[in-house]
Structures are given as structure tokens and as C-alpha cells.
Amino acid sequence: MTVDFDHIIKREKRKQRLVTSGILLVAVVLILGVGVTAVKQRMASQYRAAQKVAMITDMIESPNVTSTSHYLAESGLFNRRLKSDRFKNIDGYLVKTAPLEINFSLFSVGYGGGTQLPITVPISKTKTIGAFNRENGEKLPLFFNPKHEAIKKANEADTTHESQTLADLQKHVAEVAISFKEPMTYAEIQAKIPDNLLINWYWLGMASNKLSVTDTIGKVIGINANEIGQLTDTPGKSGRANDWTRHNYPDFVAAVKKAAATRKFNSSGIDIYQDALQQIKTYPTLKQAKFSGIIVSGRTENLAQLDSQAYIYATNVGLDAEVLPYIAPTK
């Protein structure tokens, strides 16, 4: 009997190739599986990091703005976008405002798109500079520093007294940014602001007098009030971002410290987060704190009286809403 060694050798080689190919295929599948799992875990971690970015933004730089949810608006394998729907409280009327968007990828977390920074253009009737949201065109309330070392620029906003113009807007509620002539304590503000207005937000102000109103548009630092215009001063929860309460001053202090350690935004050579850090070092507690301005909301006929108050340096109008017969304003 003749043995065909060539046939046997070829058959064994085919088996070996098949075994090798099978091993390689299994190895590739395992590597891909491990890689996809690692990417998913990394993106989940980046999603949590994006949530923390959103939480800090909600805490310290969202003037009269409340986020209602965090969810994925875009979900790719390597690039995703967290989105948060947001509203303003205009004396009890919830008015939808532009969403917060945070882009994140395997290696970075940052603000989404160019819609976050406002545009500044002259208002046709008054010729003064106004700030508007890029995404939906809504007018943003501006704050003015009375001690700003003025350097006149083409796009610089002159001090405004817009609340008095609201006398002509009947059956509406609106929000107004008030800039004080001198910073005031929380207690002084409660005593000064009329009871027929709702305090929505407290502006920390600026340690530096080199930052003008247009230098800080969209990047003003302060703390939102609760639904009745008050702040709390409850220590003990400020260690973790998930436990922060938006109207609790110790949590606000913790959020400013976190922002100063993790963010940068330079304007005219000044980092606004480091500037805010200087402020909270001066004002570590609510009792010690002094605020340079506030956002209030109320009926337009009540807001129109603000410009006559001696302690007010400037007023600037934001959003308004029509008063409806079936929804009573808070104030």
C-alpha cells in the first residue's frame, strides 16, 4: 500500500491554517470586544464629567436660569453631546431659554458649539449695546460695574436705565438686572427690594475693576435664589457636586472653588474664575457676603419704579412674558 505523504502534509497544513485563522479570529473578536467595552466605560466616565461641568455651570453662571434635565442629544461612539433644557422664572412664569450643551469625547469635555457666547449689537431704538443669545435671539440682562476703569470701545455698552421703559408695557411680567452703586449684604438687599418684586439671582460682582460689561457677557458669576427669592447658608453638603443645592451659599462657594481649579476664561487679561475665587475668599459665608447686583422679576408697572431708587446704578431688561388670566404672578 502506497502512502501519499504529499496529500497528508497538505491536509495537515490546511488544518493548521484553519486552526491559526480560527485563533486569530477569536483573538480579534476578543480584542474588539475589550476595546468596545473600554470605549463604552470611558464614554460613561466622560458623561459623568460632562454632568459635573453642567452642575458647576448651573450653580455659578446661570443668571435666573434653571436646568430641568440632563440627557444625550447626540450619541456617537467617540463623540457625544449632553444637553440640558433650561427655563427662566419670570415672577412665576416659566419661560423657556436656550439649552446648555456640553460636548464630550474620549479625551475632552467642553462647551458645545458657538451658541454659548452671546452676540452684542446696538439696539435700534436707543442705539445702546445689547446682548443677545446666538441660538434664539433672546435679550440677556446685563450688569454694570460702577468702578470699571472705562476704556471706550466700539462695542462697549453704555450704562442703561431700562426698567423705566417698562411703564409702556402693560399686562406683562419681566426680569431686570440691577447693578448697585455699592455692594450690599444679603440682609441689606432684603430690606431694600420692594415686596412686590421677586429676587431671582444674586450677582457676586468682580474683584477687578478692569472688566467691563461686554468683557463678562455670558460669564457673570452669582447664585440663584429659591422660588421665594431667598438664599440658605447650610454647611455640610458642599463636598460633592451631586449634593449641591442651587440656592445654598456654602455649595456656591464650593462650586466657585471647583471652577477656579478646573476652568479658565480670560477676558482683558483677567480670568473670571480666579476673580470669583478672590471674591469668595473675601466673602466665605452668606452673612459676610456682599453682592454687586441682582436679577429681579415682577409686573412691569412695579419694575418701572426701580430707576428712581438711590442705591441703583443701572438697570437692564432681559425677558418678559404676557400675564395670562389663568396664571397669577408670584408677586
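The largest cavity holds about 80 Å³ of space, a volume being the space filled by probe spheres set on grid points joined across faces, edges and corners. A cavity here is a set of points on a 1 Å grid over the protein atoms alone where a 1.4 Å probe fits but cannot get out, and lining residues have an atom within 4 Å of a point. Searching the whole structure turns up one cavity of 30 Å³ or more. Among the residues lining the largest cavity are Trp203, Met206, Leu211, Lys219, Ile272, Asp275 and Ala276. Helix H4 contributes the most to that lining, with three residues.

Please keep in mind that this is a predicted model, in which local features need pLDDT of at least 70 and side-chain atom pairs count only at pLDDT 80 or more, while totals for chains, interfaces and linings use all residues. Residues are numbered from 1 along each chain as its sequence is written, and side-chain values use heavy atoms, with hydrogens and water left out.

**The chain as a whole**

The protein chain has five helices and 15 strands; these are DSSP runs numbered from the N terminus, helices being H or I with at least four residues and strands E with at least two. Of its 331 residues, 47% are buried, where buried means under 20% relative accessible area, exposed over 50%, and partly exposed in between, with a 1.4 Å probe and protein chains only. The accessible surface comes to about 17,300 Å², and carbon and sulfur atoms own 56% of it; the areas come from the Shrake-Rupley method with a 1.4 Å probe, and for residues only the protein chains shown count as cover. Among contacts with a separation of 6 or more, 68% are between residues 24 or more positions apart, a contact being heavy atoms within 4.5 Å.

**The nonpolar cores**

A nonpolar core is a set of buried Ala, Val, Leu, Ile, Met, Phe, Trp, Tyr and Cys residues joined through side-chain atoms within 4.5 Å. The largest one has 56 residues, and those with the most contacts inside it are Ile60, Tyr202, Phe252, Phe291 and Val296. Elements that each supply at least two residues include helix H1 (5-60), helix H3 (249-262) and strand S14 (290-299). H3 gives the most, with eight residues. Leaving aside residues up to four places away in sequence, Phe252 touches Met59, Ile60, Leu204, Ile221, Gly222, Ile223 and Ile280. Apart from this core lies another of ten residues, among them Val39, Ala50, Phe104 and Leu106.

**Strands around S3**

Two strands pair if DSSP finds at least two bridges between them. Here are the antiparallel pairings that involve S3 (residues 79-90).

| Strand pair | Bridges | Bridge partners |
|---|---|---|
| S1 and S3 | two | Ser67 and Arg86 |
| S2 and S3 | four | Glu74 and Arg81 |
| S3 and S4 | eleven | Lys83 and Glu101 |

A hairpin of three residues joins S2 to S3. In the hairpin of S3 and S4, with two residues between the strands, Asp91 takes a positive phi near 50 degrees.

**Two serines**

Ser105 belongs to strand S4 (residues 93-105) and counts as buried because its relative accessible area is 13%. Beyond its neighbours within four places in sequence, Ser105 contacts Met43, Gln46, Phe78 and Asn79. Ser268 sits in the loop between strand S12 (266-267) and strand S13 (270-271), and counts as partly exposed because its relative accessibility is 45%. C-alpha to C-alpha, Ser268 and Asp215 are 7.1 Å apart in space, though 53 residues apart in sequence.

Key:
1 Å grid on protein atoms, 1.4 Å probe; cavity = no way out; pocket = protein on both sides within 12 Å on 5 of 7 lines; lining within 4 Å.
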